[in-house]
Amino acid sequence: MGDYVWFHDVSWHATYAIYFFVIGICAGLSFLSYGSWRTEALRPLREKAAYGSFALLVVGGLLLIGDLSQPLRFLNILNPAYLNFTSPLAWGALNIVAFGIASVLYLAALKQGSQARGKVLATVTALLALGLPIYTGYDLTVHQSRPVWNTPVMPVLFVALAIASGSAVGAILAGANESAQRLLREYLLWSTAAVGVILVSILGTTNYGGAAQELTFMILTTGTMGLIFVGIGIVVGTAAPIALLLAPFGRQQVGVVVAGVLVLAGGAALRYALLMGPQQLQTLY
Amino acid sequence: MSDELRVSPIETREVPGKRRFAMVVDTRRCIGCMACQVACKAEYDTPLGVNRTWVPYKVVGKYPNVKKQFLPRLCNHCDDPPCVRNCPVGATYKHEDGGFVLQRYERCIGCRSCMAACPYNARFMLPSHRTYTPITNVVDKCTFCFHRVTQNLVPACVQTCIGRSRVFGDLNDPTSEVSYLVAKNATQVLRPEEGTKPHVFYIGADRNQTEFGRDAYRKPDVMELQRDAFKRHFNI
Ligand code: SF4
Ligand code: SF4
């Protein structure tokens, strides 16, 4: 053992996982604020979700910039002369900026109480918000040499995670509002179920892949990473809330909030493990 | 690789009028002296803990038939490099003439996307403090000694290779030594399945080294000390 005396560090550290988590909730809340224009039950959440989403965008943006080794050069990514459109990061940066501008305009419309403009801007903001989990998933997918990352369902998984995390925060924000809670319970249930299905398909194909895939599967399912991924991510954060929401207790407001908290814990764990696990294998190669 | 195998327009192998530099590493001749690694460190003031080129080894076989197998490693200067595709600001790019994959240090934002994209772990982050060289906090890697090659010198590692294991030259020139070696020998590249078209060719590379083994999963605990020291050094 110890034959390989050189090792390499992982490219992306935990900050990036926290960013994934924050930006997922940010997108999910934006969906809810848009939903409030279409579904009366979500009306009480409109402003709260919009402000929450914007606040998280600021936090996410700072995390992203802070994670760069040259934080002040983040402006380079907005320089049209430098932009390289084969990189999902370039698209992501444009998406974030566009989403930020749309969010500010939307918040202004909400403040002015302008219905017509509010509705249009809510739609634009939600569409741009959809791009956030898609690009973060795509950011991983394009890395052809990384098992688990390099699966086309990664953007879909991140969208499902964004809806689940956003609905979970929405359930906490909705408090005692019964009709909102009832709807959010449905969102939570279906999005978490979608996360579960996608995870099963990812794990299944990974375990039956080549050597790199199998080793990544082992890294993700054993030891500390296994505890985070399987224990918190799948059991506590995906299976348990589904079971809870289906049980009579899960139809009560407290039950929905508890399920929401579990989904949030699971969402954080899954994003961390999905980011860090597949990077481990190459560090000794 | 023939003309028909070219897929992406970025590839310059066998493109008339263009040079395509490559390295051949004859692992049968490598004695594991690490002189190449030292020469590279000296050439570039490469900081502690990171390497532009490195020579991992493995003891393979069972007693009495054992050998120490070396596999000199460096950036493969891929003809279709995923690191270039993934850089959001064009800080890493492919040089048209010669196929060098190079860095624009002043442009790099340090997002490490290229590190994640490279299937060979050829890239690393420079630390924030260096004694002699002001280039810090950006990603770096082997440049195929661009500054030497454009002065008609071979890379520092090739110049110093005592076993003459490393050979460098223009693969688009049919009379070059690398063309001869690639034509006359069975060669391997690392991870051909990634479609990167690496331009470091190995003669006699051992599967024990080019493929992931279970070692990668059972990380020896002894490495954790070094890993911690490395992270402390880089503030990560
Ligand atoms: S070996 Fe890695 S760093 Fe070098 S060109 Fe290929 S992908 Fe890029
Ligand atoms: S770390 Fe630098 S060279 Fe690498 S992808 Fe980011 S900006 Fe490009």
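This is a predicted model: local features need pLDDT of at least 70, side-chain atom pairs count only at pLDDT 80 or more; totals for chains, interfaces and linings use all residues.
1. Residues are numbered from 1 along each chain as its sequence is written, chains are lettered from A and ligands numbered from 1 in the order in which they are written, and side-chain values use heavy atoms, with hydrogens and water left out.

2. In chain A, helix H1 (residues 14–35) and helix H2 (residues 46–67) have axes that come within 8 Å and cross at roughly 160° (helices are DSSP runs of H or I with at least four residues, strands are runs of E with at least two, and both are numbered from the N terminus; axes are lines fitted to C-alpha atoms, for helices over the stretch in contact, and angles run from 0 to 180 degrees between N-to-C directions). H1(A) and H2(A) are therefore roughly antiparallel to each other.

3. A second pair in chain A consists of helix H6 (residues 178–207) and helix H8 (residues 223–246), which pack at an angle of about 140° with their axes 9 Å apart. That angle makes H6(A) oblique to H8(A). In this packing, residues of H6(A) including A:Leu188, A:Ala193 and A:Leu199 meet residues of H8(A) including A:Phe229, A:Ile234 and A:Leu245.

4. The secondary structure of chain B comes to eight helices and ten strands. Of its 236 residues, 59% count as buried (buried means under 20% relative accessible area, exposed over 50%, and partly exposed in between, with a 1.4 Å probe and protein chains only). Among contacts in chain B between residues at least 6 apart in sequence, 59% join residues at least 24 apart.

5. Four strands of chain B form an open sheet with mixed pairing, in the order S8-S1-S10-S9 (two strands pair if DSSP finds at least two bridges between them). Strands S8 (166–170) and S9 (187–188) stand at the edges with a single partner strand each, so one side of each is left without a neighbour in the sheet. Helix H6 (residues 177–184) of chain B packs on this sheet, touching S1, S8, S9 and S10, and its direction makes about 110° with that of S8(B). Within the sheet, strands S1 (residues 21–26) and S10 (residues 200–203) of chain B run parallel and are joined by four bridges, and B:Met23 stands opposite B:Val200 in S10(B).

6. Elsewhere in chain B, strands S2 (residues 57–62) and S3 (residues 65–70) run antiparallel and are joined by six bridges, and a hairpin connects S2(B) to S3(B) through two residues. Across this pair, B:Gly61 stands opposite B:Val66, and B:Lys58 stands opposite B:Gln69.

7. B:Thr133 lies in the loop between strand S6 (124–125) and strand S7 (139–140) of chain B, and at 18% relative accessibility B:Thr133 counts as buried. The side chain of B:Thr133 makes a polar contact with the side chain of B:Asp45 at 2.5 Å (a pair of N or O atoms within 3.5 Å; within protein, one must be able to donate a hydrogen and the other to accept it, and residues adjacent in sequence count only if both atoms are side-chain atoms). B:Thr133 and B:Thr46 are 87 residues apart in sequence and 9.1 Å apart in space, C-alpha to C-alpha.

Key: Contact means heavy atoms within 4.5 Å. Angles under 35 degrees count as roughly parallel, over 145 as roughly antiparallel, 65 to 115 as roughly perpendicular and the rest as oblique.
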